[in-house]
Structure formats: structure tokens, C-alpha cells
Amino acid sequence: MSAELVLTQDKWGKLDIGASIIQDKLKIFLQSRSLITEKFSLTSGRYMQKTSTPFTLPDAFTGPSAWVGEDMSNAPEKWLYRLSDADIADLEQAATHFQSLALDVGEISKETFPLISFVGHISELKEKLLSGVGLEVVRGLPLSDYSQAFAATIFCGIGAHIGSARSQNADGHILGHVRDIGADANDPNSRIYQTCQRQTFHTDSADVVGLLCIREAKEGGKSLLVSAESIYNRMKQDRPDLLTKLFDPVATDRRGEIPNGAKPYMEIPVLSWHEGYLTVFYQRQYIDSAQRFEEAMPLTADHIAALDMFDALANDPALCFGMQLEPGDMQFVYNHSQLHDRTGFLDWPDPSQRRHLMRLWLSLDGDRPLPSSFEERYGSVEIGNRGGIITNKTRLHAPLD
């Protein structure tokens, strides 16, 4: 016989109890300290839902990462950086040097991709991600002058100066390729980025996600962004009762990419308040599909209402904004404070012309601390060495196409 209790936001425990009198006393003890769960079962040991957060939440966030859509749309200088001729020359000389070493692009490092002047902007970029608006687009890379391997070298080289690359799937791809491969978004073992359908607002499983636009779609495929802190502010103002539900652990489907010994789903809150930071972790389709597992915590009506409100606010034109990435654009987004999305798209009939973006997942030195619940997805919460997807068949490499 077992009881599952939630003592803090990110610490769950199992306790074996042999006698009913001990069970009753334990329940009274927990109730007296506001630690009892909404659905307390000493017999099923299956799931639990907390009724309230065991910490005090801020009234509102007012820093630069708590932006609203109109502010970003009207002030692209907050998030857009245009490469100068000197920047491009510096990136090209570093890429030429790396290619002279005859190494795999997956082995690239700051030392093998030596920047002279652009490294100064990379420091500003990291500061913008960690402490500023949480995103940047670097525009102006002349892709038409490059082979795909040369473009990948520049992209991965910049990534190596920002942080360490992480595996993006069970196959160990540290350089990912975002394109429609005909996958079905309704297939619980497929990833949404492999389709042409809208992704919906979500976060990726690393500190930072980077995208390099190689080719645009014929129609659509617009990049959308929204601040988690701005969503929080609206929910705190309008429905604080639903906001607290987002701090409860929720099951999120791993979509078939399961580390050794792990469940086929994760149990991480949508929002976490940890050491003075609000951190978001979200993918609604994967939350919904996790309900196919009998052992997963069922979503209560209040949790569904909270998720629905979170989605509605993420899509509110007053909060989100969009951009059309152009070939040569590099977009970097800080996953812990921002959510991103992509609209559905219509591709070109010629396979060689179809929409294609390269992707990096990066772990950054000097980043915020994460709660231990993130270990379920990140493997570790060690700053500078966390994130990505690792299974027993993972072998790290960087496919160029």
C-alpha cells in the first residue's frame, strides 16, 4: 500500500504505510500544514493534484522579458541585428579556418571557429537572451554565396560561441532540420516540427533554440513569439485561481523518445517559480496526448481551464507578435522566458525548393538555476551542461541535410 505526496513544487515522494491508523494520522498531519493534495489516495498510488502553490508569487513582472506584442512589432531594434560587412567577413574567415581542419561540423568549438570582432556581438546576444527581451534575429547572412555545408559551419560556429549544442532527438542530432517530411501531427510518436501544420506555442527542451532559415515556404510558416511573463501578468490579474494550477506538475508526452528507465511522459509544471525566476515549460499537444497513458495524472476541469486560458492569452494579438524569417536569418530564443510557434504553411511542389530551417539547441554558461523537476527532460539541471534528448540509442552527430 502506498501514498504519493507533494511536499514542494518539484519533489514527489512515495511512502509505504502498513496500518490504517498511521495513514489517518499522516493525513491529518499534512492537512494541518497545507501540504495535503487535492486528490489524496493512500491506496491507488496513481496520481495527485495540488490545491495551492507552497510559495508566494509576484504580483507582476516588469522587466524587459515581460514585453507585449505591440512594443516588439513597433521597435524591431529591440530584437533585430543586421550583420555588417565586417561581421560577415569575420564569420567567413572563421568558417574557412574550420573547414581547413577537415573536422565534422559536430566537433566545432570556439577554438576551431575563431572569431575576431563578431565575438563582441555574441556577448551582447547572450545578455539579451538571459537578461533582456529573450530573443534576437541576426539578419543578412548571404546564403546564396554559400554551400549548405559552409552555411551550417557558420551557424554551428556561432552556436559554439553562445553555448554547448545538445541532442535534439533520440538519434543524437545536434544540428536539426525543421521541414515537412510528411509526418502526421496526430501520431503520438511524431514530432510536430516534421509536419506543415501549425505547431502552437511551446518551448523546446534546452536553454536556447536557434534557427537558420535556408528556404521559405511558398505560403505561411510565420514565426510567432510570446512572453511567458506577460501571460502570467494577465492571468494573475484576471484569474489568479487558474494561474496557480499552472504550477502543478502535469504529464507531457515524450512522443516515443524515452530515456532508459523513464516513463513515456514527463511530469513538469507549465510554470515554475524557483530561486526568483519564473520558468516556462510547455507543449499543449504533448500534454493532451499524454492522457493516453493510464498512469498519467488526469487533467482536472480546473487544469484544463487554466491551460485553455494560457493558450488563449498566448494567441492574443495584444501579447504575441510575428515575423517572417528570410533566407539567411538566424533566430535565437530563450526557452525559459519565451514561447515560440510557427503557423501552418503551403510548400513548393519542387522538393529542392521546400521550406528548410536548420536548428540548434544550446545550453548556456551563466544561466538561471532550474528546479529539479527539469531533470526529467533535461537529464541534468547543471548550468551549462543540461538539456536535449538522450536515449540508449543516441549517438551525437550533426547531419548536414
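1. A residue is called buried here when its relative accessible area is under 20%, exposed when that area is over 50%, and partly exposed in between, with a 1.4 Å probe and protein chains only. By this rule, buried residues make up 55% of the 401 residues in the protein chain. This is a predicted model, in which local features need pLDDT of at least 70 and side-chain atom pairs count only at pLDDT 80 or more, while totals for chains, interfaces and linings use all residues. Residues are numbered from 1 along each chain as its sequence is written, and side-chain values use heavy atoms, with hydrogens and water left out.

2. The protein chain has ten helices and 18 strands, where helices (H or I, at least four residues) and strands (E, at least two) are DSSP runs numbered from the N terminus. Contact means heavy atoms within 4.5 Å, and among the contacts in the chain with a separation of 6 or more, 77% are between residues 24 or more positions apart.

3. The structure holds two cavities of 30 Å³ or more. On a 1 Å grid over the protein atoms alone, a cavity is a set of points where a 1.4 Å probe fits but cannot get out, and its lining residues have an atom within 4 Å of a point; grid points are joined across faces, edges and corners, and the volume is the space filled by probe spheres set on the points.

4. The largest cavity has a volume of about 440 Å³, and of the 36 residues that line it, Gln199, His202, Asp204, His340 and Arg359 are the closest to its centre. Strands E7 (208-215), E10 (251-253), E16 (338-342) and E18 (356-363) each supply at least two residues of this lining, with the largest share, four residues, coming from E7. The lining divides into 14 nonpolar, eleven polar and eleven charged residues, where Ala, Val, Leu, Ile, Met, Phe, Trp, Tyr, Cys and Pro count as nonpolar, Asp, Glu, Lys and Arg as charged, and the others, Gly among them, as polar.

5. The second largest cavity contains about 80 Å³ of space. Twelve residues line this second cavity, and Lys245, Asp248, Val250, Leu299 and His303 lie nearest its centre. Helix H9 (residues 301-314) gives the most to the lining, with three residues, and by class the lining has eight nonpolar, two polar and two charged residues.

6. Helix H3 (residues 85-100) and helix H5 (residues 148-162) have axes that come within 9 Å and cross at roughly 105°; H3 and H5 are therefore roughly perpendicular to each other, a term that covers angles of 65 to 115 degrees. The contact is made by Leu91, Glu92, Ala95, Thr96, Phe98 and Gln99 of H3 together with Ala149, Phe150, Thr153, Ile154 and Ile158 of H5.

7. Leucine 370 is found in the loop between E18 and helix H10 (375-378) and counts as buried at 5% relative accessibility. Its C-alpha atom is separated by 6.8 Å from that of histidine 274, 96 residues apart along the chain.

8. Arginine 255, in the loop between E10 and strand E11 (265-267), has a positive phi near 55° and is buried, with a relative accessible area of 4%. Glutamate 275, in the loop between strand E12 (271-274) and strand E13 (277-280), has a positive phi near 50° but is exposed, with a relative accessible area of 59%.

Notes
On a 1 Å grid over the protein atoms alone, a cavity is a set of points where a 1.4 Å probe fits but cannot get out, and a pocket is an open set with protein on both sides within 12 Å along at least five of seven lines; lining residues have an atom within 4 Å of a point. Axes are lines fitted to C-alpha atoms, for helices over the stretch in contact, and angles run from 0 to 180 degrees between N-to-C directions. Angles under 35 degrees count as roughly parallel, over 145 as roughly antiparallel, 65 to 115 as roughly perpendicular and the rest as oblique.
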